[in-house]
Amino acid sequence: MHNATVRRIIRAYDDPIVRAYCWGRFGILRQRFLEEIGQYLPDQGVVLDIGCGFGLFSLYYASMGPRRLVRGLDSNERRIGMARRAARQLGLGNALYEAGDARDFKGDGQVSLPPGGRLLVKDVDDRPAAKRWFTWVLDRAMAPTTPVHYWSADALTRALVAAGFGVHRHLMVDWLPYPHVLYVCEARG
């Protein structure tokens with residue numbers, strides 16, 4: 001089920017609870033899902049992972065695209081510390097992590113996408129309710145004090161369009177009870 005890269009990434013975390021969580025996350029978002037998301041990433045250039053948590057997926061995409069510079073941002077300093085240690089353990093100089101609020105992030109300058117540039121948003125829909133509640137229970141178990149909010153697919157699409165993007169929703173159907181949606185957004189000129 002897990003390829004060698006996934007196993008290496010999971011072993012790079014020191015905390016056994018985080019390793020168990022990573023096995024679960026990679027098990028839930030299986031190799032096929034990683035490839036579905038990865039097809040929209042550039043082979044080279046900067047990829048920004050906002051809300052990267054422990055850096056699990058950014059480490060994967062940095063490993064799979066050595067010409068990419070994957071920058072992870074998360075408000076939880078503990079998780080960023082774990083991501084940095086895992087990147088060092090893996091020898092990934094193309095995975096950098098910063099603690100901070102995404103609303104304040106400017107990177108090395110003003111963050112903007114050129115016309116045709118892509119923004120990928122992997123989120124969960126707020127429907128169906130049973131899948132949303134399953135997701136909520138798992139989110140609360142991993143981060144009990146973190147506020148949880150799920151957008152409806154229509155509301156998030158409207159917000160992205162209002163922000164100047166053309167939006168394609170890529171449904172990620174799986175047998176597990178997660179309402180995954182990947183929003184592939186292209187900046188308009």
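What share of the 189 residues in the protein chain is buried? Buried residues make up 43% of the chain. The model is predicted.

**View 1. Overall fold of the protein chain.** Seven helices and six strands form the secondary structure. From the N terminus, the order is α-α-α-β-α-β-α-β-β-α-α-β-β. Along the principal axes, the C-alpha atoms fill a box of roughly 40 × 40 × 30 Å. The radius of gyration is 16 Å, which agrees with the value near 16 Å for a compact globule because the chain has 189 residues. Among contacts between residues at least 6 apart in sequence, 68% join residues at least 24 apart.

**View 2. The largest nonpolar core.** This core holds 35 residues. Ile-9, Tyr-13, Phe-26, Leu-59 and Tyr-97 touch the most other members. At least two core residues come from each of α1 (4-11), α2 (16-28), α3 (31-38), α4 (56-64), α5 (77-90), β3 (95-99) and β6 (180-187).

**View 3. Surroundings of Leu-59.** Neighbours within four places in sequence are left aside here.

**View 4. Surface and charges.** The accessible surface of the protein chain comes to about 10500 Å². Carbon and sulfur atoms account for 55% of this surface. The chain carries 26 positive and 19 negative charges. Their mean positions are 3 Å apart.

Note on methods
Residues are numbered from 1 along each chain as its sequence is written. This is a predicted model: local features need pLDDT of at least 70, side-chain atom pairs count only at pLDDT 80 or more; totals for chains, interfaces and linings use all residues. Side-chain values use heavy atoms; hydrogens and water are left out. Helices (H or I, at least four residues) and strands (E, at least two) are DSSP runs, numbered from the N terminus. The radius of gyration is taken over C-alpha atoms; the globule rule is 2.2 Å times the number of residues to the power 0.38. Buried means under 20% relative accessible area, exposed over 50%, partly exposed in between (1.4 Å probe, protein chains only). Contact means heavy atoms within 4.5 Å. Accessible areas come from the Shrake-Rupley method with a 1.4 Å probe; for residues, only the protein chains shown count as cover. Lys and Arg count as positive and Asp and Glu as negative; His and the chain ends are not counted. The place of a charge is taken as NZ of Lys, CZ of Arg, CG of Asp or CD of Glu. A nonpolar core is a set of buried Ala, Val, Leu, Ile, Met, Phe, Trp, Tyr and Cys residues joined through side-chain atoms within 4.5 Å.
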